[in-house]
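User: Could you walk me through how to read a strand and a chain contact in this one?

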2 protein chains.
Amino acid sequence: MKRLNSTPRQDGYRMPGEFEKHEGCYIIWPQRPDNWRYGGKPAQRVFVEVANTIAEYEKMTVLVNQDQYINARNMLGPKVRVIEMSNNDSWIRDSGPSFVVNERGGLRGIDWGFNAYGGLVEGIYFPWDYDDLIGGKVCELEGVDTYNAADFILEGGSIHVDGDGTCMTTEECLLAPDRNPDMSKEEIEEKLKEYLNVEKVLWIPRGVYKDEDTNGHVDNMANFVRPGEVVLTWTDDVNDPQYERSVEAYNYLINETDAKGRRLIVHKLYAPSPLLITQEESDGVDSVEGSIPRRPGDRMAGSYVNYYTGNGFIALPVFNDPNDERAIELLSELYPDRDIIPIYAREILLGGGNIHCITQQVPARKIPRNF
Amino acid sequence: MKRLNSTPRQDGYRMPGEFEKHEGCYIIWPQRPDNWRYGGKPAQRVFVEVANTIAEYEKMTVLVNQDQYINARNMLGPKVRVIEMSNNDSWIRDSGPSFVVNERGGLRGIDWGFNAYGGLVEGIYFPWDYDDLIGGKVCELEGVDTYNAADFILEGGSIHVDGDGTCMTTEECLLAPDRNPDMSKEEIEEKLKEYLNVEKVLWIPRGVYKDEDTNGHVDNMANFVRPGEVVLTWTDDVNDPQYERSVEAYNYLINETDAKGRRLIVHKLYAPSPLLITQEESDGVDSVEGSIPRRPGDRMAGSYVNYYTGNGFIALPVFNDPNDERAIELLSELYPDRDIIPIYAREILLGGGNIHCITQQVPARKIPRNF
């Protein structure tokens, strides 16, 4: 397929909201033993549950390294398509392409630069050579042409769009000096506008407390339910360091308008109680120089915001926490036409993210292919 | 996708003739230096020409090991889709799946067992673990369910079907003791009938002289132009060891009828003059225990029959031989509605096969997918 040096804005393509219709979804199989405890086996079981769940609603493809191919094929359900693809870790939201569409049935990918969340400065694993190729490879799999944005480091989890002219991100991540140190905030904003084809970028100051792996990705902090409507992770506990982050974001968002001039409605999605890594969980992780350690007692960046919005459903991470029910209730109200499917996902959180981080949707073409 | 333990015959699926309409075509990128001289570079250039040619007529996918992915992507044209897939060598006709269709738009694959042309007895490379997985992996790529025929060793190049009830093969290959030593000829015939859904198997005694790598695959010896009509590699030189093989096959075929009771029309396709490996060609190949040597002076199994029949075209191997023109002329007559595209393919022959051996078609579904 072609590598394009133009931009989606120039060509009339835009990134749709995740809540728009999908053609399918990708996941990468977890295995690296310095991130996923006990050789990845517990995480694999949860990834299987996520993939099998999504496969009931949309075309589901799981990508896997050669050495885990047979095991993954055997563990995953028959509705899941399993494809070999070399990878360093399982965060396809971040290593994968973003997709853009036009109104004439066009679908293209954007292949961003990827440096494992901070490269040689603060990256969380080394090397990341396979992961940097995932974007282009997934576009080839889909048989679509690819915008070459390799000179711009961006993880898909650090942005959300409403599909209607607005992007939402965090300063904590996009202005981190280990991503694009030679670019100003204005230059970064211009890049987002060109590639996502948006007119406005909303800059939440910081992401979730202790979301240090990603430098505060927005997809753990806030999400668009639909244009003009946002969920934000929340706590009322003024002694929780998350409190000031959520308040700061709330105040920012309610005082902003989106690209279409709408005032944003902000729904508070109460976070689970602080979740700490246990000794037993820590003991299951290989200790490797250059990979981020998983220490007992470390607080994890647990959040219900990290859900996947699919065709007719929400795949929602839950934690056996009293706030699970509250999250299910709020999302049931916000998404009356979708099944809310809670999945116990502490295991994904232990690896540093959650269901949104391990998924990447392919939007549906605006008109059917065969016409 | 599902692994099926039923058979195509049981389920009403059949393997269509290669001359029926295709959805697309697969090729595997060549690289192993103990088979492809000079690190595969000369072969890669010819594979690029074949792939780019096919991409003008049908959806073309090239599969490639991780370590050659970027190089392959850069060398291949933009109409070609490049997908990572671990492999031991490039003969997807043999390691890949055969596809079957039904009349209601169904498409499924058959994943045969593969042992590198003879396993530990007479196989031509070791190991073949990646290649044995190619069949199932290509079916997953296509998103189709797969018949599990792993207990039956079969290379796709050892069979041809007319799509109308008849299969053609060689005794030399299918009865070789290094494929399915515990099965009688009748049992093998029964397997072919079950999986290809044919009523009759034509057994040509032997394949092309010196086609020792494959034990005389039929796809280098004879091919169906259409039901009832066959091309057969030929020489008039009674001193050429090929002569008695071609005469033997000719006499067998003209005295047989196909599944529908038709007498076969057999067209003689004159072979190129004997082609010998040069010293320089031999010098470019790594010498490795367990891989078949490429010795200077060895005769290669050159044949024009080893062509690919695609949508609206024939990709025909030529050799800068006086008989090139004769082959083009005959095929132009036999395929009046297809472009005959000669490709100089000595480089593929040096690796042990030709254009048919390095391609695998996916038949078109009988009714469009979206209806």
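**Reading a buried strand**

Analyst: Start with strand β9 (residues 166-170) of chain A: 5 of its 5 residues are buried, so the rest of the structure largely encloses it. Buried means under 20% relative accessible area, exposed over 50%, partly exposed in between (1.4 Å probe, protein chains only); strands (E, at least two residues) and helices (H or I, at least four) are DSSP runs, numbered from the N terminus. This is a predicted model, where local features need pLDDT of at least 70 and side-chain atom pairs pLDDT 80 or more, while totals for chains, interfaces and linings use all residues. Residues count from 1 along each chain as written, chains are lettered from A in written order, and side-chain values use heavy atoms, without hydrogens or water.

User: Which residues lie on each side of β9(A)?

Analyst: In a regular strand, side chains alternate between the two faces of the sheet. Here T166(A), M168(A) and T170(A) sit on one side, C167(A) and T169(A) on the other, and all are buried.

User: How many bridges join β9(A) to β10(A)?

Analyst: Strands pair if DSSP finds at least two bridges between them. β9(A) and β10 (residues 200-204) of chain A run parallel with 5 bridges, and T166(A) stands opposite K200(A). With β8 (residues 159-161) of chain A, β9(A) has 3 bridges and runs antiparallel.

User: And how many salt bridges cross between chain B and chain A?

Analyst: The rule wants a side-chain nitrogen of Lys or Arg within 4 Å of a carboxyl oxygen of Asp or Glu. It finds 4 across this interface; one pairs R73(A) with E140(B), closest N and O atoms 2.8 Å apart.
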